[in-house]
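Please view the sequence and the model before reading the points below.

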Amino acid sequence: NPETYEDLLKESDARGLITKEKDLWAYDGRIKGNRIAIRKSLSENQKKCVLAEELGHYYTGYGDILDQSSVSNRKQELQGRIYAYNKLIGLRGIIDAYTNHCQSLYESAQYLDVTEEFLLETLTYYRSKYGKYVIVDNYTIYFEPYLCVLELT
(Lines give C-alpha, C1' and ligand atoms only; values in the text may rest on other atoms or scores of the structure.)
Protein backbone atom coordinates (compact mmCIF):
# COMPACT_ATOMS: atom_id res chain seq x y z
CA ASN A 1 0.00 0.00 0.00
CA PRO A 2 1.37 3.42 -0.91
CA GLU A 3 2.26 5.68 1.98
CA THR A 4 -0.23 8.42 2.73
CA TYR A 5 0.29 12.05 3.64
CA GLU A 6 -0.86 11.09 7.14
CA ASP A 7 1.88 8.41 7.32
CA LEU A 8 4.49 11.00 6.41
CA LEU A 9 3.13 13.44 9.01
CA LYS A 10 3.49 10.69 11.65
CA GLU A 11 7.05 9.97 10.49
CA SER A 12 7.86 13.67 10.69
CA ASP A 13 6.42 13.86 14.18
CA ALA A 14 8.31 10.74 15.30
CA ARG A 15 11.56 12.45 14.21
CA GLY A 16 10.76 15.51 16.31
CA LEU A 17 9.94 17.64 13.29
CA ILE A 18 7.15 20.19 13.43
CA THR A 19 5.15 20.15 10.20
CA LYS A 20 2.61 22.92 9.52
CA GLU A 21 0.54 23.84 6.51
CA LYS A 22 0.98 27.50 5.68
CA ASP A 23 0.21 30.08 3.02
CA LEU A 24 3.54 29.85 1.20
CA TRP A 25 4.04 31.89 -1.95
CA ALA A 26 7.50 31.11 -3.27
CA TYR A 27 7.74 27.38 -2.49
CA ASP A 28 5.50 24.35 -2.10
CA GLY A 29 7.55 23.24 0.89
CA ARG A 30 10.41 24.41 3.05
CA ILE A 31 12.44 22.94 5.89
CA LYS A 32 14.41 25.01 8.34
CA GLY A 33 15.91 23.33 11.36
CA ASN A 34 13.22 21.05 12.76
CA ARG A 35 10.33 22.90 11.11
CA ILE A 36 8.68 21.94 7.84
CA ALA A 37 6.18 24.20 6.09
CA ILE A 38 3.88 22.81 3.39
CA ARG A 39 1.78 25.02 1.11
CA LYS A 40 -1.75 24.82 2.49
CA SER A 41 -3.49 25.18 -0.89
CA LEU A 42 -1.98 22.00 -2.40
CA SER A 43 -4.01 18.82 -2.94
CA GLU A 44 -3.44 15.92 -0.54
CA ASN A 45 -1.22 13.97 -2.92
CA GLN A 46 0.76 17.12 -3.81
CA LYS A 47 1.34 17.70 -0.09
CA LYS A 48 2.49 14.09 0.22
CA CYS A 49 5.04 14.49 -2.59
CA VAL A 50 6.31 17.77 -1.11
CA LEU A 51 6.54 16.40 2.44
CA ALA A 52 8.46 13.33 1.23
CA GLU A 53 10.97 15.65 -0.45
CA GLU A 54 11.29 17.84 2.66
CA LEU A 55 11.90 14.71 4.75
CA GLY A 56 14.52 13.79 2.17
CA HIS A 57 16.21 17.14 2.78
CA TYR A 58 16.09 16.49 6.51
CA TYR A 59 17.75 13.07 6.12
CA THR A 60 20.28 13.94 3.41
CA GLY A 61 20.98 17.68 3.60
CA TYR A 62 22.30 20.38 5.79
CA GLY A 63 22.00 24.15 5.91
CA ASP A 64 20.11 26.57 3.69
CA ILE A 65 19.98 25.41 0.06
CA LEU A 66 17.63 28.08 -1.31
CA ASP A 67 20.37 29.60 -3.50
CA GLN A 68 20.17 27.17 -6.43
CA SER A 69 23.00 28.92 -8.31
CA SER A 70 25.35 26.92 -6.06
CA VAL A 71 26.31 23.48 -7.41
CA SER A 72 26.45 22.08 -3.87
CA ASN A 73 22.93 23.35 -3.13
CA ARG A 74 21.58 21.91 -6.40
CA LYS A 75 23.10 18.53 -5.49
CA GLN A 76 21.43 18.67 -2.06
CA GLU A 77 18.13 19.63 -3.67
CA LEU A 78 18.42 16.59 -5.94
CA GLN A 79 19.24 14.33 -2.97
CA GLY A 80 15.99 15.35 -1.27
CA ARG A 81 14.06 14.62 -4.45
CA ILE A 82 15.76 11.26 -4.98
CA TYR A 83 14.82 10.28 -1.44
CA ALA A 84 11.17 11.17 -2.21
CA TYR A 85 11.23 9.27 -5.55
CA ASN A 86 12.53 6.14 -3.85
CA LYS A 87 10.25 6.45 -0.81
CA LEU A 88 6.97 7.11 -2.65
CA ILE A 89 7.51 5.12 -5.85
CA GLY A 90 10.75 3.19 -6.21
CA LEU A 91 11.33 0.57 -8.86
CA ARG A 92 9.02 -1.76 -6.94
CA GLY A 93 6.19 0.79 -7.21
CA ILE A 94 6.54 0.85 -11.00
CA ILE A 95 6.26 -2.95 -11.03
CA ASP A 96 3.28 -2.85 -8.66
CA ALA A 97 1.46 -0.39 -10.93
CA TYR A 98 2.10 -2.74 -13.86
CA THR A 99 0.94 -5.87 -11.97
CA ASN A 100 -2.20 -3.95 -10.95
CA HIS A 101 -3.01 -3.34 -14.64
CA CYS A 102 -2.25 0.39 -14.80
CA GLN A 103 -2.22 1.28 -18.50
CA SER A 104 -1.16 4.93 -18.45
CA LEU A 105 0.84 7.52 -16.54
CA TYR A 106 -2.42 8.83 -15.10
CA GLU A 107 -3.55 5.40 -13.87
CA SER A 108 -0.11 4.65 -12.43
CA ALA A 109 0.01 8.00 -10.60
CA GLN A 110 -3.50 7.36 -9.24
CA TYR A 111 -2.53 3.87 -8.09
CA LEU A 112 0.69 5.14 -6.44
CA ASP A 113 -1.16 8.17 -5.00
CA VAL A 114 1.29 10.71 -6.40
CA THR A 115 0.92 13.47 -8.95
CA GLU A 116 1.54 12.69 -12.62
CA GLU A 117 4.28 15.33 -12.57
CA PHE A 118 6.01 13.62 -9.63
CA LEU A 119 5.79 10.22 -11.36
CA LEU A 120 7.18 11.68 -14.59
CA GLU A 121 10.09 13.30 -12.68
CA THR A 122 10.75 9.97 -10.98
CA LEU A 123 10.81 8.11 -14.31
CA THR A 124 13.13 10.75 -15.80
CA TYR A 125 15.49 10.35 -12.84
CA TYR A 126 15.45 6.54 -13.08
CA ARG A 127 16.11 6.76 -16.83
CA SER A 128 19.15 8.95 -16.14
CA LYS A 129 20.34 6.58 -13.41
CA TYR A 130 19.73 3.18 -15.04
CA GLY A 131 19.73 3.95 -18.76
CA LYS A 132 17.33 2.20 -21.14
CA TYR A 133 16.25 -0.53 -18.70
CA VAL A 134 16.82 -2.14 -15.30
CA ILE A 135 16.13 -5.66 -14.06
CA VAL A 136 14.44 -6.01 -10.67
CA ASP A 137 13.68 -9.49 -9.38
CA ASN A 138 12.00 -11.22 -12.32
CA TYR A 139 10.92 -8.01 -14.09
CA THR A 140 12.58 -5.78 -16.64
CA ILE A 141 11.57 -2.13 -16.50
CA TYR A 142 12.23 -0.39 -19.82
CA PHE A 143 12.49 3.40 -19.75
CA GLU A 144 13.08 3.80 -23.49
CA PRO A 145 11.58 4.26 -25.97
CA TYR A 146 8.65 4.38 -23.52
CA LEU A 147 7.85 2.93 -20.11
CA CYS A 148 7.27 -0.81 -20.30
CA VAL A 149 7.44 -3.57 -17.68
CA LEU A 150 8.00 -7.18 -18.74
CA GLU A 151 7.88 -10.19 -16.47
CA LEU A 152 10.70 -12.63 -17.08
CA THR A 153 9.58 -16.24 -17.22
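The points below treat the sheet, one of its residues and a pair of helices.

The model is predicted: local features need pLDDT of at least 70, side-chain atom pairs count only at pLDDT 80 or more, and totals for chains, interfaces and linings use all residues. Residues are numbered from 1 along each chain as its sequence is written, and side-chain values use heavy atoms, with hydrogens and water left out. Helices (H or I, at least four residues) and strands (E, at least two) are DSSP runs, numbered from the N terminus.

- Three strands form an open sheet in the order 4-5-6, with antiparallel pairing; two strands pair if DSSP finds at least two bridges between them.
- Strand 4 (133-136) and strand 6 (148-151) are at the edges with a single partner strand each, so one side of each has no neighbour in the sheet.
- From one strand to the next, the twist averages 20 degrees.
- Strand 4 is joined to strand 5 by four bridges, and Val-136 stands opposite Tyr-139 in strand 5.
- The hairpin of strand 4 and strand 5 has two residues between the strands, and in it Asp-137 takes a positive phi near 50 degrees.
- Four bridges also link strand 5 (residues 139-142) with strand 6, where Cys-148 is the bridge partner of Tyr-142.
- Helix 4 (residues 90-99) lies across strand 4, strand 5 and strand 6, at about 100 degrees to strand 5; axes are lines fitted to C-alpha atoms, for helices over the stretch in contact, and angles run from 0 to 180 degrees between N-to-C directions.

**Val-149**

- Val-149 belongs to strand 6 and is buried, with a relative accessible area of 7% (buried means under 20%, exposed over 50%, partly exposed in between, with a 1.4 Å probe and protein chains only).
- Beyond its neighbours within four places in sequence, the contacts of Val-149 (heavy atoms within 4.5 Å) include Ile-94, Ile-95 and Tyr-98.
- Tyr-98 and Val-149 are 51 residues apart in sequence, yet 6.6 Å apart in space, C-alpha to C-alpha.

**Helix 1 and helix 2**

- The axes of helix 1 (residues 5-14) and helix 2 (residues 44-60) come within 9 Å and cross at roughly 30 degrees.
- Helix 1 and helix 2 are therefore roughly parallel to each other (angles under 35 degrees count as roughly parallel, over 145 as roughly antiparallel, 65 to 115 as roughly perpendicular and the rest as oblique).
- Among the residues that meet are Leu-8 and Leu-9 in helix 1, and Leu-51 and Leu-55 in helix 2.
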